[in-house]
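Subject: Structure for you to look at

Hello,

Here is the structure I said I would pass on. My notes on what was found follow below it.

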Amino acid sequence: MAVAVKTQNLPLIKKIRNIPREEYYVPGHRTCAGCGPALQYKLVAKAAGPNTIFLGPTGCMYVANASYLCTPYRVPWMHTQITNGGAVASGVEAAYQVLIRKGKREGELPNVIVMAGDGGSVDIGLQAMSAMMYRNHDALFVCYDNEAYANTGIQTSPTTPYGANTTFTPPGPAIPEGKKLFPKDPPQLVIGGHPAVKYVATASVAYPVDLMNKVRKALNVQGPTFLHIHAPCPKGWKFNESKTVEIAKLAIQTGMWILYEWENGEYKYQHKPREYKPVREYMKLQGRFAHLQEAHIAKMQAFVDAKLKAPGIPVAVPAPPPRAQA
Amino acid sequence: MAKEMVLSGCAASAQAAKMAKVEVICSYPIRPYTALMMELAKMVANGELDAEFIYGEGEHAQLSVVLGASAAGARVLTGSSGVGVTYAFETYSPIAGGRVPVQMMIADRALDPPGDFGSEHTDAMSCRDQGWLMGWAENPQEAFDNCLINYRVGEDHRVLLPQFVCQDGYFVSHIPGKVLLPDQSQVDEFLPPYTLPHPLDPKHPVSHGPQIRPDQGTIMDLQRAQAHLDAPAVIKEAIADFNRIFGRDYSPFVEEYMTDDAEMAFFIMGAHTMTARHAIKHLRSQGVKIGLVKLRFVRPWPTQEVAEALSKFKAVGVVETSTSYGGAMRGGNLLHEVRASLYDLPKRPLTTSFMAGLGGEMVPLKEFYYMADILSEMIKDGKAKKTVYWVGFEAEA
């Protein structure tokens with residue numbers, strides 16, 4: 001029985017000038033100025049190339065991108081519910097397996113890529129994502145993380161940082177820090193429970209070559225892969241829209257975001273600063289943290305310090321569990 | 001040569017899916033439909049069926065997987081029962097609105113609470129207005145046939161709609177009956193290979209399901225409604241071809257039994273039709289002029305055919321095996337649509353409804369005799385006293 005496999009070996013990019021000129025995510029969409037998710041979409045699409053099918057769960061990259069009668073996608077794209085990106089991708093991949101096997105489609109198995117926000121990945125979309133990985137579908141699941149339900153007006157998600165002011169976590173006299181919970185860790189969720197996954201990486205819009213190479217490495221792997229991409233949101237995080245890349249860089253310099261690859265059980269780190277700046281440097285540029293008191297910032301610093309010791313090891317949250325607080 | 005076998009409804013559906021050369025299957029266990037997936041899993045394991053068999057992580061995922069696979073160009077099958085059917089509800093409108101012709105076999109089961117394995121049409125009927133084709137099988141033979149007929153109609157480019165292919169849990173899904181299995185060549189003659197006008201294919205990029213503005217919404221709703229207006233002609237063609245190729249005598253939308261000189265009739269669908277036929281035979285021997293009209297498609301609702309079939313009677317009793325709590329008729333779903341179908345007729349029959357077979361109860365002969373007595377009374381009185389009778393529970397109603 002013939003089996004549809006990818007034989008592709010997308011070459012890694014050495015320098016920014018070697019990045020291909022062809023665009024597969026093109027202008028004509030309605031994202032905000034300085035949108036981090038739009039920037040990562042452009043880079044992912046460029047890296048993946050023309051033999052690609054995108055599945056787009058509901059989120060900013062659906063609502064602000066694909067407006068009927070115009071589309072920014074030069075490769076096939078289909079909307080999915082915010083709930084089921086992983087499941088729809090599983091079906092597309094399964095269809096190609098059988099259609100290629102039966103000779104009904106020719107050529108290489110396409111790159112099947114889910115482009116989900118944090119909600120569509122590790123909140124309401126978690127079940128579908130996890131099952132796609134468990135079942136060993138040959139597909140890449142990208143979580144572009146802007147750390148909130150931004151499209152619906154900036155509500156907290158499981159990746160919204162501690163202390164953030166969102167429209168569901170407004171600070172007030174009774175709850176001065178706004179968000180009291182500490183976030184989920186998406187790549188660790190994937191690594192910890194999905195033996196079929198062979199490649200997981202984090203990336204950032206601040207380092208486009210690194211991001212694109214991680215997309216290509218993920219697509220060269222046969223089987224499920226996961227990328228967690230930091231995508232700052234000027235509107236949700238309340239910073240000047242010219243500062244998207246600066247904020248993304250500061251996240252890495254302060255340890256708020258760690259760039260790493262996990263391949264066959266081995267961790268490798270990229271763009272690791274020699275010395276971390278205090279998290280305050282990152283937080284002070286963002287209006288979502290403007291209300292925080294010294295004690296709250298210290299709590300965040302303690303959380304980051306613990307996390308920096310080892311991304312592969314769960315972090316002890318330096319706060320009592322939420323029920324005990326209430 | 002076609003061969004005769006004795007199969008349950010689930011086994012018959014599995015045989016039909018195999019002969020339809022289904023390519024992607026997505027399973028999740030829930031009784032009683034599960035038997036379909038168990039049959040298909042064996043066929044795939046034995047190499048009799050070349051298909052991807054995907055273990056869905058729930059019914060919502062089942063529908064999502066087959067949506068992706070069908071949109072990519074594969075013929076697909078999934079299925080469910082009871083609360084599984086309603087768990088997937090979010091997906092039904094996007095699939096129908098996306099005009100992706102997936103097929104879902106439903107072996108009916110009562111919804112919770114309380115937990116009840118029994119058959120009841122409420123699970124599927126709750127999903128009837130999302131744009132899917134929908135109809136019930138009376139027996140395993142029809143379960144087999146309806147699978148093929150629905151693929152043919154749903155995948156037709158003039159229709160492009162998903163299909164709920166329903167059978168009563170246990171009464172059809174698990175009680176074996178005679179099934180004529182056709183030759184593969186007959187199935188191939190009836191059912192062309194699946195194609196989609198714009199599949200997800202990197203060689204021909206398209207965007208499926210973009211966001212729209214409110215002023216762009218109505219036209220899309222209208223197109224989905226239009227597909228249901230266009231479907232009847234395609235159903236008629238398909239049934240004519242089916243009858244010719246397989247040697248059957250189906251009528252497309254409503255089937256009549258002993259109605260030539262009947263004054264009254266049961267309006268019914270699914271498994272209990274079989275008991276109703278026996279009841280009618282007995283009632284006829286007692287001189288009661290009664291027949292039945294069986295509904296084959298709930299969606300598209302055959303308004304004209306229902307009106308024509310029922311207009312000749314003095315009284316019609318709609319047998320309801322589903323609930324519509326708080327609805328205009330205070331009982332099930334079908335009487336609403338039956339009365340709406342009759343409304344424009346100059347002379348309408350008297351109508352009422354009978355809640356029977358809920359929770360998976362049998363509908364024994366004596367209950368049909370009870371219903372016939374009420375219909376006789378309505379004719380004598382010249383009016384229907386009530387819109388609903390809870391058969392066997394009138395003391396509590």
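One term is needed from the start: two residues are in contact if their C-beta atoms, placed from the backbone, lie within 7 Å. A residue is called buried if 20 or more other C-beta atoms lie within 10 Å of its own. Please keep in mind that this is a predicted model.

Helix 5 of chain A

In helix 5 of chain A, the buried residues are A:Ala128, A:Met129, A:Ala131, A:Met132 and A:Met133. Their cover includes, from chain A, helix 3, helix 4 (118-122), strand 4 (140-145) and helix 6 (186-193). After helix 5 of chain A comes A:Asn136, which has a positive phi, near 70 degrees.

Helix 5 of chain A packs against helix 3 of chain A at an angle of about 35 degrees, and the two axes are 6 Å apart. On the helix 3 side, the contact is made by A:Gly85, A:Gly86, A:Ala87, A:Ala89 and A:Ser90. Helix 5 of chain A brings A:Ala128, A:Met129, A:Ala131 and A:Met132 to it. Sorted by class, this helix-helix contact has 6 nonpolar and 3 polar residues, and no charged ones.

Chain A against chain B

The contact between the chains takes 39 residues from chain A and 36 residues from chain B. On the chain A side, the elements that give two or more residues are strand 1 (52-57), helix 2 (60-63), strand 2 (77-80), helix 3 (85-101) and helix 5 (126-134). Helix 3 of chain A gives the most, with 12 residues. The chain A side divides into 23 nonpolar, 13 polar and 3 charged residues.

Strand pairing also links the chains: strand 2 of chain A runs parallel to strand 9 (residues 207-208) of chain B, joined by 2 bridges. A:Trp77 has B:Ser207 as its bridge partner in strand 9 of chain B.

The sheet in chain B

Chain B has an open sheet of 6 strands with parallel pairing, in the order 3-2-4-5-7-6. Strand 3 (52-55) and strand 6 of chain B are at the edges with a single partner strand each, so one side of each has no neighbour in the sheet. From one strand to the next the twist averages 20 degrees.

Within this part of chain B, strand 5 (residues 103-107) and strand 7 (residues 163-167) pair in the parallel sense over 5 bridges. B:Gln103 stands opposite B:Gln163 of strand 7. Helix 1 (residues 9-19) of chain B packs on the sheet, where it touches strand 4 (76-80), strand 5, strand 6 and strand 7, and its direction makes about 170 degrees with that of strand 5. Helix 7 (residues 140-155) of chain B lies across strand 5, strand 6 and strand 7, at about 165 degrees to strand 6.

Domains of chain B

The contact between them takes 26 residues from domain 1 and 20 residues from domain 2. On the domain 1 side, helix 6 (122-125), strand 6 (133-137) and helix 9 (217-246) of chain B are the elements that give two or more residues. That side divides into 13 nonpolar, 8 polar and 5 charged residues.

Regards

Notes: Residues are numbered from 1 along each chain as its sequence is written. Chains are lettered from A and ligands numbered from 1 in the order in which they are written. This is a predicted model: local features need pLDDT of at least 70, side-chain atom pairs count only at pLDDT 80 or more; totals for chains, interfaces and linings use all residues. Helices (H or I, at least four residues) and strands (E, at least two) are DSSP runs, numbered from the N terminus. Ala, Val, Leu, Ile, Met, Phe, Trp, Tyr, Cys and Pro count as nonpolar, Asp, Glu, Lys and Arg as charged, and the others, Gly among them, as polar. Two strands pair if DSSP finds at least two bridges between them. Axes are lines fitted to C-alpha atoms, for helices over the stretch in contact, and angles run from 0 to 180 degrees between N-to-C directions. A residue is buried if 20 or more other C-beta atoms lie within 10 Å of its own, exposed if 12 or fewer, and partly exposed in between; C-beta atoms are placed from the backbone.
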